[in-house]
Amino acid sequence: MALQERVTSSSSINDKQEQNCSRVITIVFLALFIDLLGFALILPLFPSILDYYSQTEDGFYLSLQRGVDWFAVMVGMPPERKYNSVLFGGLIGSIFSILQFFSSPLTGAVSDCLGRRPVILMTVMGLITSYALWAASRTFGVFLLSRIVGGISKGNVSLSTAIIADLHSPKARSKGMAMIGVAFSLGFTLGPMIGAYLAMETEKGEVFYLRSALLALMFAVADLIFIFFLLPETLPKEKRVSSVASGFQAAVDLLSPLALFQFSAVTRGKESPSEENLQNLKILGLAYFLYLFLFSGLEYTLSFLTHQRFQFSSMQQGKMFFFIGITMAVIQGGYARRIKPGNEIRAGKRAIMLLIPAFLLIGWAANVTMLSVGLLLYSFAAAIVVPCLSAVVSGYGSASQKGRVMGILRSLGALARALGPILSATVYWLAGAEVCFTVCGALFLIPFVLLGSIKQQTKEE
């Protein structure tokens, strides 16, 4: 009888924990979706914004344009306005990613000390400032400042992964990482469509990006209110590090690329992971970096390829990215979140292997049908790899280290996204689309082999 009561009591506790996990996942998903909707509004407007500052003969813009022109001549890029917009947009994107590279591990470390809630609220306030600056900007300098403030404040994404990493059950963590992927896919699918529509609806005399900027500002304010009232604290006080100083240890651990690849910030203090688990973390970090380095580079050159080979208009490119986004959201919502704990690395390896034929088909596509088949494989693989690797990494480190672990992972991804497009654009214009997509596609074998060398994690929590 007593045994039956204990079993019933244990079962009801587990049910309650599962309900709490589901609630946290839903809140994180909705908060991130609102955030990414606002963030993605600007994406289709970049070429028009650059044209706008070019026509106003903004001095700061023109001085940066000269640097972009020099790079274009160096790699032999045709002097077309469309290519110039993609290249200049890539430059601003790289600046944004570099800032995320610095901010993600720092915000993660602060949240290990102060808790997730107050730090994520601070980052959203930074985003509100960024969108307010964008709405008020009439010079390129102020516009660039708004992107810089936004880049520094985008640590809220790594904090969302840290909140999911705080959940007790591996199954909940795996599902949570997949739902973060769904939020990204939906946000980056719907946001650009809304931004493009608002730009078309501009009234005479109104700056064309004002409505998008104000809507992004409204989304950020709504996100702040939503998080303030609904998001619970997932890192209890007794599991936090004792001070911000011990959370940071040395700034070099969080700001030096070499130290980030070594996960040095996690090795200090009593709760340092075992030698084997630390080795696994290093391999996972390197595989994640190499995957995103290659993937983001080829993703960036897609715009060049479709315009150059198939003469895609901006609308056709928009439809292409809509197709990719919807496919990813369906796969993440239907398949990725059902991957059983322990099977993530196997699923990630299968997805990486799919990218090799995907990029060969895209790079050598002679017609739109061949391109579409390549994009379908590409979308399937892209939907799986990052959520799976994030779920695996979230299982490492103690409760007071999750913010740093997920911040470092996010930071490595940001560094990859900053460097990948520059290198792949150079190879694309110097050697051609076929060579670029074939060589980079084959290089996906490196993260595949790295993931195969990971040993089973030893329990530390």
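The radius of gyration is taken over C-alpha atoms, and the rule for a globule is 2.2 Å times the number of residues to the power 0.38. The exercises below use a predicted model.

**Exercise 1. Work out whether the overall dimensions of the chain agree or disagree with those of a compact globule.**

Step 1. The chain has 461 residues, and for that number the rule puts a compact globule near 23 Å.
Step 2. The radius of gyration of the chain is 22 Å, which agrees with the rule.
Step 3. The C-alpha trace spans about 80 × 45 × 40 Å along its principal axes.
Step 4. Among the 461 residues, 54% count as buried. Of the contacts with a separation of 6 or more, 82% join residues 24 or more positions apart.

**Exercise 2. State how many helices and strands the chain has, then find how H2 and H4 are oriented to each other.**

Step 1. There are 19 helices and 0 strands in the chain.
Step 2. Two packed helices are described by the angle between their axes and the distance between the axes.
Step 3. For helix H2 (residues 46-55) and helix H4 (residues 81-114), the angle is about 100 degrees and the axes are 9 Å apart.
Step 4. Angles of 65 to 115 degrees count as roughly perpendicular, so H2 and H4 are roughly perpendicular to each other.
Step 5. On the H2 side the contact is made by Phe46, Pro47, Leu50 and Asp51, and on the H4 side by Arg81, Ser85, Phe88, Gly89 and Ile92. By class, this contact has 5 nonpolar, 2 polar and 2 charged residues.

**Exercise 3. Identify which residues of H2 are buried and what covers them.**

Step 1. The buried residues in H2 are Phe46, Ile49, Leu50, Asp51 and Tyr53.
Step 2. Their cover includes helix H3 (59-75), H4, helix H5 (116-136) and helix H6 (140-153).
Step 3. Arginine 147 is found in helix H6. Beyond its neighbours within four places in sequence, arginine 147 is in contact with Phe39, Ile42, Phe46, Ile92, Phe96 and Leu99.
Step 4. Arginine 147 has a relative accessible area of 10%. Buried means under 20%, so arginine 147 is buried.
Step 5. After H2 comes glutamate 57, with a positive phi near 55 degrees.

**Exercise 4. Decide whether phenylalanine 263 and glutamine 311 are buried or exposed.**

Step 1. Phenylalanine 263 lies in the loop between helix H12 (257-261) and helix H13 (275-310). Glutamine 311 is in the loop between H13 and H14.
Step 2. Phi is near 55 degrees in phenylalanine 263, a positive value in a residue other than glycine. For glutamine 311, also a residue other than glycine, phi is positive and near 55 degrees.
Step 3. With a relative accessible area of 0%, phenylalanine 263 is buried.
Step 4. Exposed means over 50%. Glutamine 311 has 55%, so glutamine 311 is exposed.

Terms used. Residues numbered from 1 in each chain as written. Predicted model: local features only at pLDDT ≥ 70, side-chain atom pairs only at ≥ 80, totals over all residues. Heavy atoms only, no water. Axes fitted to C-alpha atoms, helices over the stretch in contact; angles between N-to-C directions. Helix = DSSP H or I, 4+ residues; strand = E, 2+ residues; numbered from the N terminus. Parallel < 35°, antiparallel > 145°, perpendicular 65-115°, else oblique. Contact = heavy atoms within 4.5 Å. Nonpolar A, V, L, I, M, F, W, Y, C, P; charged D, E, K, R; others polar. Buried < 20%, exposed > 50% of the residue type's maximum accessible area, 1.4 Å probe, protein only.
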